[in-house]
Amino acid sequence: MTSSTARSAAVLTLVLTLLCAAGGLLYYRAQLFANVNWDRGVFIEDETRLDSSIFNIARDRGLIGSRNGAAGELFLDGPDCEGQILSDDALKPAASAQELRDHRTTLRLLCGSPQGEEIRHEIEAWNAVYDLLAVRDNRYQDDGCQSKRGDLKAHVFVPRDCKPNLWKAERIFADSRVAASWIPGAEPPPDDFSKIADEKSAYAGDWAMLKSAEADPGNKPLYRLHSEKIDVPPNKEVMIDLVGRLRGVRVYGAGLAEPEIAKVRTHTVDPAKPETSDAGIAIGPARVAIYILCGEESAFEARLRRSRAQQEPLTLPAAARRGAKPDQYDDDETGDEEECEAEPAAASRIPISYQIVLKGQTGRGARLQELIVELDAESVQILPAELRRDYSENAPDSRANIRLTRHIRARCPPSFRNMPGACELSWERVPGARRALPPPQFDVVADGAPGTALVDKQSGFITSQAFDEGFGSIIGLGPQDWGSLMFSLAHRSSAPSAAPAAPVELTIDRRLQALTRDVIEARVKGNCGETSKKQRGRRPKNGCRPLGGNQTATLVVLDAEKSPGDIKAISTWPRLPKNLHMWDLEALESDGMGTAGAAWRLVAPDQRPGSTFKAVTAMAAIDAAIHPSIAPALRDKLSPLLKGQLSQTEQKSLLRLSSATWSPGVRKGTKKCVIDANGPLNAIAVPNEQNPQWCAHNFWGQRGVSAYWQAVAPTTCPRASSSGNAPQFGMCEALMVSSNLFFGGVAERLTRSAVHAESDPLALEKMARQLSFNHQPCRDAAGNVISKDGSPLPCGFNLLRSTELHPQKLRASPIRLDLRTYQDAAADLQTVLRTGWGDGADATPLAMASIYASLGRRLLVRPTLRQISRRPDGCPTEPEQNECEPLLSDWNSASPLFESLRMGLHAVSGPSGSARGAFVGADALRLMPDGKPRLFVKTGTATYRAVNDDTGKVATYFTLWLAGWIEGVEGTPINNRLAFACVVTRGTGNDTGGGICAPLVRQFLETLNRKAQK
């Protein structure tokens, strides 16, 4: 037995003895003694089942609990080991002898075992996040690990415990300094300091963090942080990240004698103007640049603080109670983080951090500098993002899930702020112990390259090539990447003698994965496809425009024919930088920019599907038109409306169309509209024409709002009647020109006329999930994890389709509507209309690609990331959620109407469609060899509000979409039906999905043809 194994066994034996000393812990005696022999072949990780067991026992014995703070905090109470180890004061006077023994044994576990020490440190870290000071640096900029753990590497990312923190802390008094202690393993909350995480922090080491001491009257404690020696190579930089309020910086050479050190002056940082220029300033022998990052407190946090101070009930505006999106309401209701030029007032409890950059010497004669850095800093007081949210409108039986540290989770009722001790505490993220004999085998391969491993088989770390190809967000970076596929593989249970598990074969085609990545990155660089020498330097005919540095792009490709649902490629931009610390990856994930998989998870406010959702509204209308339970008066008109057989006058009555004008120069109806009976039909008034508080309208172009009736020509839409060329406007034409009024009006009619219970979800949401996947949503309208009776429900659709492997990060978020029920819809007609054209829903690219895969196949398609067993017809041998069934129950009746939908999607890329500019001259993509339709797409442009990175003010942006499918042609490079969805965020000005995403998709399809031919 090795020395490390012997130490592990000794620790386990001690804990077993303590656990089994109490008669009330018989269960753990039986379970843990059964593992004594098993312990001889294990490697005990930091996170073990014993931690969870001890935590839960101590919680049940009343030694761990929670309490509310005066300004919204949630504090944890742990044992006072020095004061309680020999005292039984915490017990009731009538405690039995057995209860007394249990209490004492549990206390010894908490105060005398390594697991108990870890629990106490984490409780301390939880309570420290409200008033903290933390520091780290990236002095070791290499792929090696400077810790004693030989099993760790930093080739792709930096694991915890790889690059140790060497900083020391002292508290400064008037005439002395006293050493201060870091909290072992403590880190700043990633959610609150996500702006620290960027490529400049590559190779960052672990954090060192402390909780500020109590302030003296009128004076906040001041600390001096000492770096030890830092090597700064020529022409390079070393980054120091500080969470706190920087007051002074002192730099001197590492070899300086003590008397000389005393003479070194400290550069005082002015809180009103703390930043330097990018070139930095001279501080001692070094050149140093200082930057500040801070955030705005949320509107809820501000109201919470005012209510606490004034001892008044907390009140919320109606928009917040509905969980409304910020683009619909006042700008001051947003709480987005932003950079700040001056440090906020000391009393503000908002995130604040500094970045201090040591710049290496440049030019001839530049040499390595060996420096000591000292930072004088105060702690920063914050209320973490988890506690800034409003949970008051959640269902009474739901729970708010709050996690401020790595393991401890508090599940609290919505009104926990007024209920002391109401939160249920648990120790989570406990993978257990990993067997060392035999060692785990990590075997993950991609479709099309089964002999090429994506991860190191021994460590489970992703390979550099796989990371560059974009697999990091798909499989995870390694076993430390919680919730990832690699995490699940590392901690799946199996018998010690079991045969090696079969490789996990993904559906991703490495050829398509590389192609989607290259096409997106070519667009970023402004390379919009191969051109001849004559064309170079000219604007491409397809309207291609390069992406901006603050935009994101995603392209998802699904098989929709031979192996329907197989995810063939998922590429996103910007690519995650290499060599970030695990903390940075978690921070980026919380900010919607990390490895969480924004392609399949709802993690950001810019995931509105826009007009690509109109196909869902169209399908819901088709279903209603053939459904016997719909009101006959509507059912009889829906079919003629969808076919284009109703006149403009009839459609005006059915859809409540009006003529309106808006204030000059104001876009998108942000001012009250005025009904004008003499103008063209161009609006739907809310709540009605007599009292128009808001008006829905079509796209607002350079000439203003476009009219409703757009009988444009030429068109490939089927004729509604045989009466020649009489004007018509139905579902096909509405899809072609992307009419908001048509689909908004249809959504209103469906909502008002459907047979339903008040608590039922809307027909549009049912249809969206039926066409994609319909598991429980990951979050409710307020953004909180849904749970029942304190236990979380399954979150999303498992993309691995596995009963053994169910990594949290590979659960796809289903489509989510702002309006949860018909009762909500009855009180918010504006959102009903917006939902009809896609601005009242949230959807991922994978969900939309799945919808269009289902439409293309005319059978329900469910996505999968893992190769699964299939029948000869392509359907899985174990289908999920009505997979492979017809789109609608009465398909024979629905089929003629579906043909109008299908032709409308084809017309989008035609000469009169919203993507016409991108597909000019692309007949090989648009048409089959016999001239029949081949390409079916829908553009989308959704509005949302976000903070402008340059101005710091809230601005209007667009999410730009193209979703659809292309039919395969035997004997051609694309011989299989493929569904796809493209999304680009942060569009501005006149950007549209047809102008940005459509050219990108065309380039992908044309390049796929060329590469396949080679």
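Guide: A salt bridge here is a side-chain nitrogen of Lys or Arg within 4 Å of a carboxyl oxygen of Asp or Glu. The model is predicted. In general, side chains of opposite charge can pair when their charged atoms come close. Arg224, Arg250, Glu374 and Asp376 are linked by such bridges into a network.

Are the two residues buried or exposed? Arg224 and Asp376 are both buried.

Arg247 and Glu343 also meet through their side chains in a salt bridge, at 3.0 Å from N to O. Because Arg247 lies in strand β11 (residues 245-253) and Glu343 in the loop between β15 (337-338) and β16 (352-359), this pair ties together parts that are 96 residues apart in sequence. Again, both Arg247 and Glu343 are buried.

Strand β9 takes part in another bridge. Lys168 forms a salt bridge with Glu228, and their closest N and O atoms are 3.3 Å apart. Lys168 sits in strand β6 (residues 168-172) and Glu228 in strand β9 (residues 222-232), so parts 60 residues apart in sequence are tied together. Glu228 is partly exposed, its relative accessible area being 28%. In total, the structure holds 40 salt bridges.

From β9, move on to the loop between β9 and β10 (237-243), where Asn235 lies. Most residues other than glycine have a negative phi, and most peptide bonds are trans. Asn235 has a positive phi, near 65°. Asn235 is also exposed, with a relative accessible area of 55%. Arg801 is not a glycine either, and its phi is positive at about 50°. Arg801 is found in the loop between β38 (797-798) and β39 (811-812). Arg801 is buried, with a relative accessible area of 10%.

The backbone has cis peptide bonds to look at as well. The bond from Trp573 to Pro574 is cis, with omega near 5°; Pro574 is in the loop between β27 (567-573) and β28 (580-581). The bond from Val686 to Pro687 is also cis, with omega near 5°, and Pro687 is part of strand β32 (residues 683-688).

Which residues of α18 (residues 648-655) are buried? Gln651, Leu654 and Leu655 are. They cover an arc of only 80° around the axis, which means that they are on the same side of α18. An α-helix has 3.6 residues a turn, so residues three or four places apart point the same way. The face of α18 turned away from the buried side carries Thr649 and Ser653, which are exposed. Just after α18 comes Arg656, with a positive phi of about 60°.

In the largest nonpolar core, which has 209 residues, Ile475, Leu485, Phe742 and Leu855 touch the most other members. Helix α16 (residues 614-625) supplies the largest share of this core, nine residues. Neighbours within four places in sequence aside, the contacts of Leu855 include Ala615, Met619, Leu771 and Trp965. A second, separate core has 35 residues, among them Leu555, Ala569, Leu962 and Cys997.

The last stop is an open sheet of three antiparallel strands, in the order β19-β20-β21. β19 (400-402) and β21 (424-427) stand at the edges with a single partner strand each, so one side of each has no neighbour in the sheet. On average, neighbouring strands of this sheet are turned by 25° against each other, direction ignored. Strand β20 (residues 408-412) pairs with β21 over four bridges, and Ala410 has Leu425 of β21 as its bridge partner. Helix α6 (residues 114-128) packs on the sheet and touches β19, β20 and β21, with its direction at about 60° to that of β20.

Definitions and conventions. Residues numbered from 1 in each chain as written. Predicted model: local features only at pLDDT ≥ 70, side-chain atom pairs only at ≥ 80, totals over all residues. Heavy atoms only, no water. Pairing = 2+ DSSP bridges. Helix = DSSP H or I, 4+ residues; strand = E, 2+ residues; numbered from the N terminus. Axes fitted to C-alpha atoms, helices over the stretch in contact; angles between N-to-C directions. Contact = heavy atoms within 4.5 Å. Buried < 20%, exposed > 50% of the residue type's maximum accessible area, 1.4 Å probe, protein only. Core = buried A, V, L, I, M, F, W, Y, C linked by side-chain atoms within 4.5 Å. Arc of directions from axis to C-beta.
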